Every structure is written in structure tokens, then in C-alpha cells.
Amino acid sequence: MTDDSSIRGGGLSRRGLLASATGGGALWLLRGLIRPGDAHAASAPPSFPAGIDLHLRVYENWAGEIRTDPLWTCVPRDPQEVLDVVNWAHGAGWTVRPQGRRHGWAPLTVADGTPASAQVVLLDTTAHLTAMSLEQEAGDGSARVRVQAGASLETLLAFAGARGYGVVSAPAPGELSIGGALAIGAHGTAVPAVGESPSPGQGHGSLSNLVTEVTAVVWDGAVGRYALRTVGRAEPDCGALLTHLGRSLVTEAVLRVGTDHNLRCQSFVDIPATELFAAPGAPAGTRTLASFVDRTGRAEAIWFAFTDRPWLKVWSVTPRRPFTSREVHEPYNYPFSDSLPEPVARLAGELVSGAWASAPLFGQVQYLLSKVALTGDISDVLLSGTLVRDVLTGDVLTHLLAGGLHSDLWGASRNLLQYVRPTTLRESANGYAVLTRRADLQWVVSRFSDFYRTLLAQYAARGEYPVNGQVEIRVTGLEDPSASGVPGARSPLLSALRPRADRPDFDTAVWIDVLSLPDTPALHRFYRDIEQLLLSLDGDRAAVRVEWSKGWAYTDAAAWSDPDVLTRHIPASHRAGGGPGWDDAVAILDRLDPHHVLSSPFLDTLLR
């Protein structure tokens with residue numbers, strides 16, 4: 001599904017945009033594969049298991065912020081070959097790093113700039129480890145699906161949906177590997193609406209919380225080798241494997257899914273940010289984020305930089321199509337967010353080329369582009385200044401309107417939950433989960449939005465424009481192991497959504513991300529200011545944890561670099577409240593891989 005072309009749907013693909021805007025498509029294309037024996041090939045790993053495809057390949061992550069030299073990459077055909085590679089690495093003194101679709105920001109696989117001389121082999125799960133099967137259909141309407149680690153989330157949801165099953169929420173990108181999604185506790189946006197009772201097999205936490213068992217590569221001391229072991233959800237070791245951050249290698253998992261429900265997704269672009277994120281105590285009838293969440297349980301706010309009206313999506317369980325809704329039969333139903341019209345692409349290209357002060361204009365254009373495509377209302381464009389109308393030309397508006405309106409969609413859950421294609425704009429992102437009481441949801445978003453708006457204005461007053469993307473806010477529940485249907489099920493120990501034993505009133509997580517183009521000046525300093533604000537919320541009304549797949553631990557110059565956040569705050573956030581947590585997970589992962597074959601220098605620093 002990856003598309004590296006420059007033209008898609010009458011405009012530049014956002015991925016192609018960044019390739020051209022940075023001086024050549026090579027930035028986004030993996031270098032050619034080089035196999036042992038080819039001319040100019042580096043020295044191959046010694047005595048590597050015969051018959052397993054092995055080649056040199058550059059590792060590059062989602063936003064291009066992590067890029068390595070060509071590294072040896074193997075493509076095992078089955079779990080036994082995975083095991084053969086790991087045992088070879090143990091004997092040869094190398095490490096193995098499993099990789100999926102590379103849709104992540106944090107250096108949990110390999111670090112930026114990893115040299116070709118590193119004794120590490122990447123293990124690509126996505127070519128062959130993709131099988132799935134329906135394991136069990138229960139009388140309560142739930143079922144279990146066995147899926148290998150390299151299968152995509154999109155394929156899994158399509159497989160389940162074709163059999164009448166689904167999940168309450170899921171990450172918006174479909175191009176995630178199941179192994180990668182489970183490793184970091186991937187999530188969507190959903191809590192129970194007021195009066196809603198979850199169906200069996202459906203939970204409001206992370207995907208990891210739906211797992212009933214995993215099969216992982218673990219050390220077998222009795223025979224002195226690594227072996228495949230199936231670990232049930234009620235076993236203590238499973239708590240560490242459910243969200244292992246890449247410190248283990250899971251080859252397959254069994255997930256519990258529930259009866260699928262049709263969803264309606266309505267978009268709103270007319271609510272001022274000051275109203276949507278108003279402080280608690282606003283008058284009755286105020287359209288706050290909390291009020292939408294109470295009504296339907298499922299909402300997401302996308303707030304483009306330097307604009308005053310977010311794009312709010314609200315999903316509701318709706319068995320039959322409402323008269324005003326447009327039925328959709330496939331996922332990815334916001335084409336305007338996948339492919340920029342050419343004049344908009346040129347503006348974004350100017351940003352990437354150094355015209356960073358165009359960020360307010362770009363934010364306004366992104367908002368108006370979305371508003372026209374969603375609602376068909378072009379009045380704000382016509383009333384805008386010349387700069388906006390030079391970008392959103394008559395041809396652009398005609399093209400948008402010809403694609404139909406997208407503000408009220410209805411269909412099977414997966415077709416509404418997945419809406420981010422691989423061609424969407426590749427942006428840097430930070431990420432945090434703020435655990436709180438449901439009653440304090442609005443307090444959290446109000447505190448954040450007030451700070452963010454003020455901070456953005458302060459930077460702009462100094463001539464700095466660190467944000468040219470958007471804020472994204474989602475709301476989920478916490479992990480409830482009973483959703484797995486396994487008696488005595490363990491909670492994912494390293495999940496950002498693991499409940500605090502001392503705070504049973506914390507039942508909700510507010511996820512906050514700020515996105516901007518990589519290499520934007522002052523971005524890391526701005527992210528650090530945001531991080532320090534969020535960490536300051538930690539107390540009686542909130543507990544803050546990092547979102548593993550995103551950016552965190554900021555200094556003024558880099559992510560994943562602040563020693564205080566890395567070595568003090570992050571472990572403390574998973575130790576707080578007592579009960580099994582950080583230290584238990586680290587000890588289990590070390591015991592299952594005592595030789596650190598399935599680790600990296602970064603993980604060895606973090607997980608201690």
C-alpha cells in the first residue's frame with residue numbers, strides 16, 4: 001500500500017511532496033537491496049543460517065527522523081526460522097531487532113545513524129509472518145483470532161469484519177504490524193458513553209489488552225537455547241510481553257474481538273477552540289469535548305496550528321444508516337488529508353525549504369481545505385485574504401467538491417476507524433497519556449489548550465514558528481484485563497493505560513500529541529516546554545505517562561535525550577501506585593532474554 005509516487009488523485013501525494021521539497025525523492029525511498037555476494041556488499045554476518053533471505057537495507061522510520069546505514073535484514077518464512085536467527089545471534093554475539101511497518105517515531109527498533117558496522121540484524125516479519133485464523137466463536141458474541149506478528153492491522157480488522165467481528169476502537173493507520181502495535185500498546189479513541197455497556201470482547205483500552213495469549217522467543221535455560229513459548233494471559237510473564245517496547249520478539253498472538261457494530265462518524269468544524277476546550281463549569285449547552293464524549297464515547301479533535309476552530313470527529317454506534325449519512329464500504333474516507341492539491345503542496349514545500357514563518361498561513365489553509373471537503377462551505381475561503389485564495393484556487397475548490405462531502409459517514413466499524421493512509425503527511429509527533437477521572441477530562445484539555453495557545457503566541461512574537469501541523473486529542477479508557485475473557489488475566493505492565501492501584505478513580509486517559517514537520521526550527525524546545533507543562537499536571541487530578549511510539553524526554557535540541565525524564569520520571573510513572581509495574585516488567589524481560597539478544601543500547605538504558 002506504500003505509494004512513493006509524486007502524483008495521486010490530481011495532486012502531489014504528501015509523501016511525494018516532502019521528497020521533492022527536500023531536494024530529491026531519495027529521502028523517502030529505501031536504498032536498493034544488496035545481498036551477500038553482490039558487488040560492494042559489506043561482510044555478511046558470519047555463518048548466518050542458510051536458506052533465510054538476507055540483504056542490506058536502510059532502516060527509515062515513519063517521519064524519516066530515524067535513518068540508518070544499510071543494515072543486514074533477514075526475512076524468515078516461519079517461526080522456526082525466527083528462532084534459528086535468534087539462536088545464531090546468541091552464538092555469534094550479534095543482536096536481533098524485529099521490525100514491522102516502521103510506522104513509529106521512537107528509537108525502539110534502532111537508533112538514528114546506526115552504522116553499517118553495528119552487529120545487529122533486522123528481522124522483517126511483514127513478508128511471511130502474516131497468517132491469521134478464527135480460533136473460537138463464543139456464545140456471548142465474542143471470538144478469538146490468531147494472528148502472526150507481521151500481519152497488518154488493516155488486514156486483521158478486515159478479516160474479523162468479514163466474519164461479523166470488530167473492536168471498539170483502533171489506531172487510525174491501517175499499515176501497522178500487529179507485532180509492532182502490541183509492542184507499544186497501540187490505541188484508538190473510545191470510552192463508554194453515558195449509559196453504554198461494552199459488549200463481550202470489546203474493551204476501551206489498548207489493543208494489547210485484548211490479547212488472550214502470545215507466543216514469544218524466550219531463553220530456555222534447561223537446554224541453553226532460545227525457544228518458542230506460548231504464554232497465557234493469566235501467567236505473570238504475560239504482563240511484560242503484552243507491551244514489551246521491542247525488548248522481546250512475539251511471533252503471534254490471539255486476540256479477543258466482539259460483535260461488530262456499524263458506526264456513524266460526524267465531523268464538526270464550526271466549534272471555537274475556546275468552547276470545545278472550555279474550562280469546567282461552562283454554561284449548559286456549551287459544546288465541550290467532554291459533552292461529546294459523554295454522548296457517544298468516541299471523539300477526536302484535530303486542531304491546526306494558528307487556527308481557532310478544530311476539526312472534531314464524533315463516532316456513535318448506529319445500527320442503521322441515518323438519512324443524512326453517506327455509506328462507505330472501505331476505510332480511508334478523507335482523501336483530502338491523503339493528497340495535497342498542487343498549490344497547497346507548493347506552500348508546504350516552501351515551509352520545508354525554510355519559509356517557516358508561513359506556518360500560520362499553512363494552518364489556515366489546512367483548516368479551510370478540510371472545511372470545504374467536509375461540508376462544501378466555501379464562504380470562508382471567498383472571504384479570506386489574497387494569500388489564502390492564491391492557494392485555494394477555484395480549480396482546487398472544484399476538485400474538492402467533486403469528491404463528495406465527508407462530514408457525515410456511516411458503515412462498518414473498520415471503515416470509519418481507519419483513515420490514515422501511508423501517503424499522509426509525514427510529521428514529527430510528541431505523545432503523552434494523561435490519566436484522570438472522567439469528571440476531570442475537560443479540566444485536562446482546558447489546561448493544555450490554554451498553555452498551548454499562549455506558548456504558540458509567545459514563540460510567534462519572537463519570530464519563531466515551531467508548529468506547522470496540528471494538535472490531536474483522543475480519549476480512551478484504561479486497561480481492564482477482564483475484557484480479554486481470561487480468568488485471572490494480567491494487566492499489560494508497561495502500558496501507558498495500566499490503572500493506578502492507588503487511584504481507582506482514574507478511569508480515563510486523555511492522549512495529547514502535537515505534530516509538526518521534521519527539522520522545524522525551535523521544535524524540540526517547544527516540545528520540551530509542552531512536556532514540562534504536562535509533567536507538572538502530575539498530582540491529585542492527573543498522572544502522566546509517555547506514549548511509547550511517539551516523541552518524549554526532550555532537551556532543547558533532541559528527543560529521547562533528557563536523562564531526568566528517561567531515568568526518573570518514566571520509571572516513576574509506572575511504579576507509582578504500588579502493585580506490579582515497572583520493576584516487575586524489567587525483571588521478567590531480562591529473565592526471558594538474559595543475554596540481551598533482543599535489545600538495543602537505547603532499551604538497555606531505558607529499561608533498568
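1. A quick word on terms before the details: buried means under 20% relative accessible area, exposed means over 50%, and partly exposed is what lies in between, with a 1.4 Å probe and protein chains only. Leucine 245 sits in the loop between α5 (236–241) and β12 (250–259); helices here are DSSP runs of H or I with at least four residues, strands are runs of E with at least two, and both are numbered from the N terminus. Its phi is worth a look: near 65°, a positive value in a residue other than glycine.

2. Keep in mind that this is a predicted model, where local features need pLDDT of at least 70 and side-chain atom pairs count only at pLDDT 80 or more, while totals for chains, interfaces and linings use all residues. Residues are numbered from 1 along each chain as its sequence is written, and side-chain values use heavy atoms, with hydrogens and water left out.

3. Now the overall picture. The protein chain has 18 helices and 23 strands. Its radius of gyration, 23 Å, is close to the 25 Å that the globule rule gives for 608 residues, so the chain is as compact as a globular protein of that length. (That radius is taken over C-alpha atoms, and the rule is 2.2 Å times the number of residues to the power 0.38.) The C-alpha trace spans about 75 × 60 × 45 Å along its principal axes, and 60% of the 608 residues count as buried.

4. On contacts, meaning heavy atoms within 4.5 Å: among those in the protein chain with a separation of 6 or more, 77% come from residues 24 or more positions apart.

5. Histidine 596 also has a positive phi, about 55°, although it is not a glycine. Most residues other than glycine have a negative phi. Histidine 596 is in the loop between α17 (582–592) and α18 (601–606) and is partly exposed, with a relative accessible area of 26%.

6. Which residues does arginine 498 touch, not counting those up to four places away in sequence? The list includes Leu435, Glu479, Arg545, His574 and Pro580. Arginine 498 belongs to the loop between β21 (470–477) and β22 (508–516) and is buried at 5% relative accessibility. Glutamate 479 is 19 residues away from arginine 498 in sequence, with 5.4 Å between their C-alpha atoms.

7. Glycine 551 is another buried loop residue, at 1% relative accessibility; its loop runs between β23 (543–546) and α16 (563–575). Leaving aside neighbours within four places in sequence, glycine 551 is in contact with Ala429, Asn430, Gly431, Tyr432 and Trp560. Phenylalanine 602 is 51 residues from glycine 551 in sequence and 14 Å from it in space, C-alpha to C-alpha.

8. Tryptophan 219 is in strand β10 (residues 211–220). Beyond its neighbours within four places in sequence, its contacts include His90, Tyr226, Arg591 and Pro594. Arginine 229 is 10 residues from tryptophan 219 in sequence, at a C-alpha distance of 9.2 Å.

9. Last, the cysteines. A search of the whole structure finds zero disulfides, a disulfide being a pair of cysteine sulfur atoms within 2.5 Å. Cysteine 238 counts as buried, at 0% relative accessibility, and cysteine 265 is buried at 0% too.
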